[in-house]
Amino acid sequence: MLGHRSGQADEGLAKRLSVLIAGGGVGALECALALHKLAGDRVELTLLAPAAEFSYQPMAVLEPFVRRSPRRLELARFATELNIEFVQDTVVAVEADRALLHTGAQRVLPYDALVVAVGARVSGALANVVTVDIPGTYESLRSLIEEVDSGAIRSIAFVAPKPTWPLPVYELALLLREHAREGEIELALSIVTAERRPLAVFGDAVSAALEEILAAAEIQTVLGTEVTQSEDRLVRSDGGEPLDFDRVVALPRLQGPAISGLPANADGFLPVGALGELIGVPRVFAIGDATDFPIKYGAIAAAQADAAAAAIAAAAGAQVAAAPYDGSVHGFLLRGRSLPRLYFSARIAGGVALDSRAGETPTRTPETKIAAQYLGPYLDELWASGARWLTGPWTGDEAGAGAPR
Ligand SMILES: Cc1cc2nc3c(=O)[nH]c(=O)nc-3n(C[C@H](O)[C@H](O)[C@H](O)COP(=O)(O)OP(=O)(O)OC[C@H]3O[C@@H](n4cnc5c(N)ncnc54)[C@H](O)[C@@H]3O)c2cc1C
């Protein structure tokens, strides 16, 4: 990848490649771990991220139900362990022709290879609702659960615009249904989504399995519509009757990061090929929610990270075969703390889900909530060891059989 783009320069690169990873989320950490494993000392890694900690999003839906504070990992410690330089800062622009990255704190960082893993920007959240994935989500969801317990509210809608992360609205609604049933609390639950069928992004088998689960949980669905707010009501883009609920929980709409100097589509997402290469920009890779891949999902960010890491490791002279990302995706949906998980897999090609599968048997090992080859086992091991530099330590027991790892 670097070879055919930069030709002559790559002879030098093969000695020791300076790799700059912008981001401190799923894609960035997976890429760092993969490069550490595949390229070892052939690369010199720098991690550039604004926050001091990595937060593990998939747990955010479950934590308020089991009263565990959010799970986090200190990036400085992660970097030290892997012998990576950690720079707490942001990328604001890239001068690709000079292979320089400009940061928010006015640093200018040179690179041989740059991996942009900055995630998506969130926007378009409804006002006066519980929004998932903003600081304070844990507290807002805890208050919501308390309101349910006190009988103060009788109906809740979970709203998912497009594009957004696919799982959390379904998981939250199912966890809340389980909670209400355990407390014998009457509660009307609805999912209002832009999707044509539940989890349509993962194909028909996954939608069919989830439709059955939602029906058994008595969760209504309003499909194929976006909503806006007018006073206390949700106004549907499809012209249907406005909707009324006591409370609304919403996911944000995702937009691309649109970094100055790098190409982006109309929504700001970075256009990438199967090796994670940023189309038309030598030495730059982009992975995860920041890219124009049609689904925003941790397992996809991790798979793209692995493809980019293999290409960079090969350019650094490691004996690693190219491993283009083929669109395969694995995951599981939490149906409750004590109910079996719904495992699923699919292959996304041209925005369409092929080979869609769903069932109660894991589709891959190890079974981690974000299917990430290196990051999944890495976090599992840390959490199992109760490493002292982790915050929010987790024991699976607290969440029963449905606890994700
Ligand atoms: C509640 C919830 C549940 C989810 N459940 C699942 C699940 O079960 N399975 C699954 O696979 N996925 C799940 N996801 C989706 C998954 O978390 C995301 O798809 C994944 O985190 C994307 O990884 P990323 O590296 O692209 O971005 P992120 O993980 O969002 O990381 C982006 C990083 O870039 C940093 N950054 C931002 N701007 C800049 C900048 N200018 N310069 C440098 N760094 C910057 C951020 O601080 C962050 O560290 C869930 C998401 C949510 C919100």
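1. Let's start with the ligand. Its shell draws at least three residues from each of domain 1 (2–120 + 256–315) and domain 2 (124–253). Keep in mind as you look around that this is a predicted model.

2. Which residues come closest to the ligand? They are Gly-25, Gly-27, Gly-119, Gly-288 and Gly-298, and 36 residues surround the ligand in total. By class, the shell splits into 22 nonpolar residues, 10 polar ones and four charged ones. Three elements that each supply at least two residues of this shell are helix H3 (26–39), strand S2 (43–49) and helix H9 (298–315).

3. Now step back to the domains. The assignment for the chain lists domain 1 (2–120 + 256–315) and domain 2 (124–253). Their C-alpha centres are 32 Å apart. Where they touch, domain 1 contributes 12 residues and domain 2 contributes 16 residues. On the domain 1 side of this contact you will find eight nonpolar, two polar and two charged residues.

4. Next, have a look at a parallel sheet. What is the order of its five strands? Reading across, the order is S5-S2-S1-S9-S20, and the sheet is open. Strand S5 (85–88) and strand S20 (284–286) are the edge strands, each pairing on one side only. From one strand to the next, the twist averages 20°.

5. Four bridges join S2 to S5, and the two run parallel. Within this part of the model, Ala-49 stands opposite Gln-88 in S5. Helix H3 lies across strand S1 (17–22), S2 and strand S9 (113–116), and H3 runs at about 170° to S2.

6. Follow S6 to its partner. Four bridges connect S6 with strand S7 (residues 100–103), and the pair runs antiparallel. Val-94 stands opposite Leu-101 in S7. The loop between S6 and S7 holds Ala-99, a residue with a positive phi of about 50° although it is not a glycine.

7. The cis bond to look for joins Lys-162 and Pro-163, with omega of about -5°. Pro-163 sits in the loop between strand S12 (155–160) and helix H7 (168–182).

8. Finally, a word on confidence. The chain has a mean pLDDT of 90, and 91% of its residues reach 70 or more. Residues 3–14 have pLDDT below 50, and the model gives this stretch 14 contacts beyond near neighbours in sequence. Residues 392–405 likewise stay under 50, with 36 contacts beyond four places in sequence. When you view these two stretches, remember the pLDDT below 50 for residues 3–14 and under 50 for residues 392–405.

Terms used: Residues are numbered from 1 along each chain as its sequence is written. This is a predicted model: local features need pLDDT of at least 70, side-chain atom pairs count only at pLDDT 80 or more; totals for chains, interfaces and linings use all residues. pLDDT is the predictor's confidence in each residue, from 0 to 100. Two residues are in contact if their C-beta atoms, placed from the backbone, lie within 7 Å. Two strands pair if DSSP finds at least two bridges between them. A residue is near a molecule or strand if its C-beta atom, placed from the backbone, lies within 6 Å of it. Ala, Val, Leu, Ile, Met, Phe, Trp, Tyr, Cys and Pro count as nonpolar, Asp, Glu, Lys and Arg as charged, and the others, Gly among them, as polar. Domain bounds come from an automatic or database domain assignment. Axes are lines fitted to C-alpha atoms, for helices over the stretch in contact, and angles run from 0 to 180 degrees between N-to-C directions.
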